Amino acid sequence: MGDAIRRSRRMAGMTQAQLATRTNLRQATISHLENGEGGTLETLFAVITALRLELHLTERSTSLPALDDLF
């Protein structure tokens, strides 16, 4: 997800600092999110809203391993 956010931010011609200002977040928070280092749902929604993105959820495929098996 971080890669998608980074690509969208760059396509919008924004720096991390500009996105941070638009979302009232710190630039470091944007960096962490783009690098997959976590964040809150509130942070994620602020960023995807500012970038005019949508989040789509779909049913998980049964052929994928369970989350408990991944961690």
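What follows is a chat about a predicted model of one protein chain.

Me: What does the secondary structure of the chain come to?
Reply: The chain has 5 helices and 0 strands. From the N terminus on, the elements run α-α-α-α-α. Keep in mind that this is a predicted model.

Me: What box do the C-alpha atoms fill?
Reply: Roughly 40 × 20 × 20 Å, taken along the principal axes.

Me: And how many of the residues are buried, as a percentage?
Reply: Buried residues make up 27% of the 71 residues in the chain.

Me: What share of the contacts comes from residues 24 or more positions apart?
Reply: Such residues account for 45%, counting contacts in the chain with a separation of 6 or more.

Me: Glu 34, then. Buried or exposed?
Reply: Glu 34 is buried, with a relative accessible area of 2%. Why does that count as buried? Because the cut-off is under 20%. Glu 34 sits in helix H3.

Me: What does Glu 34 touch, leaving out residues up to four places away in sequence?
Reply: Gly 2, Asp 3, Ile 5, Arg 6, Arg 9 and Gln 16.

Me: Back to H3. At what angle do H3 and H4 pack?
Reply: About 95°, with the axes 11 Å apart; helix H4 is residues 41–50. H3 and H4 are therefore roughly perpendicular to each other. Thr 29, Ile 30 and Leu 33 of H3 meet Thr 43, Leu 44 and Val 47 of H4. The residues of that contact of H3 with H4 divide into 4 nonpolar, 2 polar and no charged.

Me: Last topic: what volume does the largest pocket have?
Reply: About 150 Å³.

Me: Which residues line the largest pocket?
Reply: Met 1, Gly 2, Leu 33, Gly 36, Gly 38, Gly 39, Thr 40, Leu 41 and Leu 44. The lining of the largest pocket divides into 4 nonpolar, 5 polar and no charged residues.

How values were computed
Residues are numbered from 1 along each chain as its sequence is written. This is a predicted model: local features need pLDDT of at least 70, side-chain atom pairs count only at pLDDT 80 or more; totals for chains, interfaces and linings use all residues. Side-chain values use heavy atoms; hydrogens and water are left out. On a 1 Å grid over the protein atoms alone, a cavity is a set of points where a 1.4 Å probe fits but cannot get out, and a pocket is an open set with protein on both sides within 12 Å along at least five of seven lines; lining residues have an atom within 4 Å of a point. Grid points are joined across faces, edges and corners, and a volume is the space filled by probe spheres set on the points. Ala, Val, Leu, Ile, Met, Phe, Trp, Tyr, Cys and Pro count as nonpolar, Asp, Glu, Lys and Arg as charged, and the others, Gly among them, as polar. Helices (H or I, at least four residues) and strands (E, at least two) are DSSP runs, numbered from the N terminus. Buried means under 20% relative accessible area, exposed over 50%, partly exposed in between (1.4 Å probe, protein chains only). Contact means heavy atoms within 4.5 Å. Axes are lines fitted to C-alpha atoms, for helices over the stretch in contact, and angles run from 0 to 180 degrees between N-to-C directions. Angles under 35 degrees count as roughly parallel, over 145 as roughly antiparallel, 65 to 115 as roughly perpendicular and the rest as oblique.
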